[in-house]
Amino acid sequence: MTSTVATDPADICLVLEGTYPYVAGGVSTWTHDLLLTHPDLRFHLVSLLPTREDREPRYVVPSNVIGMDHIYIQEIPVGNRGLPGSPQLFETLERALMQVQSPLGGHAELVAIMKALRPQRDALGRRLLLNSEAAWDMLVRMYEARFSTSSFLDYFWSWRALVGGLYSVMLPSLPSAKVYHTASTGYAGLFAARARIETGRPALVTEHGIYTNERRIEVAMANWLFEGPSEGLHVDITRRNLKDMWTDTFASYSRACYAASERIITLYEGNQQFQLDDGAAPGKLAIIPNGIAVDRYAPLRRSGAAPRDGGRPPHIALIGRVVPIKDVKTFIRACAMIRDQIADIKASVVGPTDEDSDYFAECRQLVARMGLESVITFTGPVRLDQFLGQVDVQVLTSISEGMPLVVLEAGAAGIPSVVTDVGACREMILGRRSEAPALGPAGAVTPLSSPRATADACLALLADRDWYLSCSAAMRQRVRRYYNKTDQDRAYRALYDEYMALPDMAPPTVENASAQAAE
Amino acid sequence: MAGIGFALRKLVRQDDLIGIIQGYGHSALVATGPWLLTVISLGSISFFTAGIATTDDLIAFRLIVIYNFAFSLVLTGPVMMIATRYLADMIFLKKVDGAVGMFLGALALSYGTQLVIVAPFYLAFVEIDLGLRFLAIFNYLIITGIWLVSVFLTALKDYASITRAFGVGMLVAALAAVMLSYDWGTAGLLVGFTLGLAIILFWLIARVFIEYPYTVKDPFGFVSYFRRYWELALVGLMQGAAIWVDKWIMWFSPEREVLPTGFISYPFYDTASFMAYLTVVPAIAGFVVSVETGFFEKYLRFYRDIQRHATLGQIIDNQRALVAAVLRGLRNLVILQGSITFVVIALAPRLFQATGVPIAEIAMFRICVLGSFFHVLASCLAVILAYFDLRRAMLSVYGVLFTTNGVFTVASIGLGFPYYGYGFFLSALITFGFSVILVAHYLGQLLFLTFVRNNTSVE
C-alpha cells in the first residue's frame, strides 16, 4: 500500500478508544470541544469499541466530521482457512508477539507485524490467525517459552484477548488523513502508530489518563481473572506472570505509539513521568492543559472578597457527582470538624445524586448521624455560574481525578480550593515545577481520605483573611495565565497546522523500520 | 478517569468449556441400552424359538416383534438423541422442571409421526386378525415408549431400580407369553410379551415422575434442538438404520419368505444375526463398566484440571492418562469379547445341535458373530467420540457403517448364499478400522479440539 490519497483526505483523523461520542466523560467533552473549536478543519473519527452493541451517541457530532469508522476490538473478519506462505507468517508473528508480551516490545515489533500481515490483509482473519492449528501451535510454544508454570486456561484466554485485540486494529483499512491524532495509547495508539507507518503522515497523541497505568490497576484488581486453587507460593508466581503479560503488552503498545508519534501531549506535568517510564522520548513531550473560558468566570466574585464580607456565613462546597470515587464521606466528616470551630458554617454538595443511590443514602445517613442536617445541603445539579458567587472555598476529596475543570472554574472566580493529591490537582493549586514567576499556593493539597487535613486546610482559609486573599489572587492569576481556553485552542491549532503542512515522511527510524522506507 | 479502556472481564469468557462433560456424562449407557434390549429380546426369541418356530403363531409373533423393534428404533432414534442432549443441558443448567414436559412432548411427537406409518401398515398392509392388528400397534407404541424413557436412565442414577425393572419386565414377558400362547396363540404370545414390556415402561415412567415432580411445561421446547444438533438427530437415525439395513436388504434376497399375511422376512439370516448379536452382550456390559470405572474418571480430571487452572504440562499428562484409559479399555474389550467370539465360533456346531437350530445356518452365524464383534467395537469407539462432543465424527462412523453395510450386503446377495453375512462382516470391519483412525486422530489433537475447534466460547 502506498501513501497516495485516492479521495479527499480528512485534515485530522481522531482515534478514540471507548469514548466519544458514545460515552460521556472528560475525554468526550474534550473531543467534542476540539471538533467545535476548529469548524474549518475536516475531521474523520475512528471509534474503537469493545463490542458491537446498539449504542446511543451522547453527543451531536458536528458537521465538520466528514466520516466515522467503527472498530470493534476482538472482532476480526473470518478470512481464509489457509494461505500460501503461512508458516513464514506465523514465524514472524511469533517472534514479534513474544516481544510484545514481554517488557521489551514496541515499535519494531509493530512494524514487523504490519509487514507480515499487510500483503495478504484481505484474506486474513480469525480462521487462520486465531483458530487454526498453526495459531494453536504458536500459542502453545509461546506459553511453553515463558509461562509454563501459569494456568493454561488463563493464558489461553489472555492470549486470545490480547492477540485478537491487536489483529482487530491491524486489519481494517485506514481512512486517509493529513494528521492522525489519538486521544490515548492502547489500541487507539496502536491504530494511530500503524497509520503513521503505513501512510507516512504524522501522528500525535494526547493522553488524558495514562493508559498503561489504568490497565495496570485494572489488571492488578482482576483477581477473578486468575482465580486458582490456593497452593501457596506456586500460585502467586502464576498470577504475577500472567498479570505481567497483560501489563507488558499494553506497555509495548504505548511504546510503539510513542515511537511513532511526532508529539506526545498530556494535560498535566504529573503524567509525564509515567510517559517517560513507558519509553516516551523526552524531546517529544508537551503539556497542553485543558482550559476554561476565564472571562466567563472571573466576574462571578468581586476580587479581594473574603469570607463574611457579604455578611453571610462562610460557605464551602464540594462540586461533583455523589459517587464513591469523589469520597463525599470524607467531606462530610471534615464538615463536622469545621462546624466545631465555626458554628454557622454552610456546606454544599453540588452535583447529581442519582448515579449511585446507595452511596447517596449512606451519605445522608452519615449527615444525620453527625447532626449536620442544618449545615450540609445536597443541591443536586445547579448552574455553576449562578452558584459560584456564593462559595468561599471549594473542596475536592476525590480518590481519583484527571484534570477537574471545576478547580479552574472556581479558581477563575478567585475561589481557593482544598484538594486531594490526585491527577492535576497539585499543580493547579501549587503551580507546576516550571512555573515562573511562581504565583504561590492557591489553597491546600491534602492526603486522600483525611477529614482532619481537609478540615484544617478549610479552617486556615476561612479564619485567616490574608492567607485567603493571597490564595484567591494566586488562583485568579494562574488560571488566566496557564489555563485559558484560548491558549489550549491555539496550541492545538498550531500543532495541526504544522503537521498538516508536513510532506509525507518515511517511517520513524527504528531498527527494522528502514526497509519500509522505500515503499 | 474518563471512559477509556475496556472492562477486561468482557474480553475473557471462560464458560462452556466444561459444558460438554455434563452433556455427555454416562452416554455409554444411553448409547448402548436400547441396543442391549433389542439384542436380548430378539436374540432370546430367536434362540429359544429357532428350533420350534414352525407354528404359524410363533412365526407371526416373531415377525411382529422384529418389525416393531426395527422400525421403532430407527424412527425414534433422532428424537432419542435430541431429547438426551436437551435433558443433559437442562441438568447442566439446573433447570430440570421441564423434564416431564419434554418426555411427554417427545412421546407425543414420536407417536404422532410414527402412527402415520405404523397404523396403515398393520391395519391395511398385512393380513392378520383384527385383534392382532391393534395388539401389534399397541406393542409398537410400548416399545417406542421404552426407547424414549430410556433417555432418562442415566439421569435417574438409580441403576438397581432400572435393572430390576428390566429384569422383572423381561421375566414377565417370557412367562406370560408362553402361558397365554396355549389358549390364545399369536395374540396370547403378543399380549404376554407386551405386558412384560409395559411393566418396564410404566415402572421407568414412575421413576421419572418421582425424580422430577414437576408439572408439564414447554413440552415441545426440545424441538428447536433438531436444528441446532441436526448431526445428533442423524446419528440417531443412522445408528438404528445401520444395525437393520443388512436385514432389510436380505429380506429381498432370492431365499426370502413372503408370508400369506404380507410380512416379508428372511428367517435364516434374521436368526443368525440376532443370535450373533447375543454373543456381544458381554462386550456391551464390559464397555459400560470400563467407561464408568476407568475412562470417565480420567475424562473428568482432564476437563476439571483445565478449569482449575492447571498448567499445560499437567493437562498433557491428563491427556496421556485419558488416551491410556481408552487404549486399556479397548484392549480389555478385544480380549474379553475376542475370546467369547472365538469360543462361540468354535462351538457353533454343538450350540446348534443343542438348540435345534438348522445346521445350514452355521456359516452365516459364524460370519455374523465375527461381524458383531467388530460392530460392537466400532460402536464403543463412537461412544468415545460422543464423550468429546465430536458429533460430525460420530455421524461419519455411523454413516460409513450404514453405507457399507447396505452396499456390501447387496453385493453379497449377488455373490450368492455362501456369502450371506460377509457384507455385514466386511462393513463392520471397515467401520471398526475407520473409527480407530478417527479416535486416534481426535484424541491426538484433543487439546486443540477442546480449546479451539469444539469450544463454543471461541468465535
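Reply: H15(B) and H16(B) cross in a right-handed manner; a crossing is right-handed if the near helix is turned clockwise from the far one by less than a right angle, and left-handed if anticlockwise. Helices (H or I, at least four residues) and strands (E, at least two) are DSSP runs, numbered from the N terminus. Please note that this is a predicted model, in which local features need pLDDT of at least 70 and side-chain atom pairs count only at pLDDT 80 or more, while totals for chains, interfaces and linings use all residues. Residues are numbered from 1 along each chain as its sequence is written, and chains are lettered from A and ligands numbered from 1 in the order in which they are written.

Me: At what angle do the axes of H15(B) and H16(B) cross?
Reply: The axes of H15(B), residues 391-415, and H16(B), residues 422-444, cross at roughly 160 degrees and come within 8 Å. Axes are lines fitted to C-alpha atoms, for helices over the stretch in contact, and angles run from 0 to 180 degrees between N-to-C directions. H15(B) is therefore roughly antiparallel to H16(B), given that angles over 145 degrees count as roughly antiparallel, under 35 as roughly parallel, 65 to 115 as roughly perpendicular and the rest as oblique.

Me: Which residues make the contact?
Reply: Among them are Val397(B), Leu401(B) and Phe408(B) of H15(B), and Phe424(B), Ile430(B) and Leu438(B) of H16(B). Two residues are in contact if their C-beta atoms, placed from the backbone, lie within 7 Å.

Me: Turning to chain A, how do H6(A) and H7(A) cross?
Reply: The axes of H6(A), residues 152-170, and H7(A), residues 186-199, cross at roughly 40 degrees and come within 9 Å, which means that H6(A) is oblique to H7(A). H6(A) contributes Gly165(A), Val169(A) and Met170(A) to the contact, and H7(A) contributes Tyr187(A), Leu190(A), Phe191(A) and Arg194(A).

Me: And H8(A), which residues are buried there?
Reply: In H8(A), residues 211-221, the buried residues are Tyr211(A), Thr212(A), Arg215(A) and Val219(A). They lie on the same side of H8(A), because they cover an arc of only 90 degrees around the axis; the arc is that of the directions from the helix axis to the C-beta atoms. Ala220(A) and Met221(A), on the other side, are exposed. A residue is buried if 20 or more other C-beta atoms, placed from the backbone, lie within 10 Å of its own, exposed if 12 or fewer, and partly exposed in between.

Me: How many helices and strands does chain B have?
Reply: Chain B has 17 helices and two strands, and 50% of its 459 residues count as buried.
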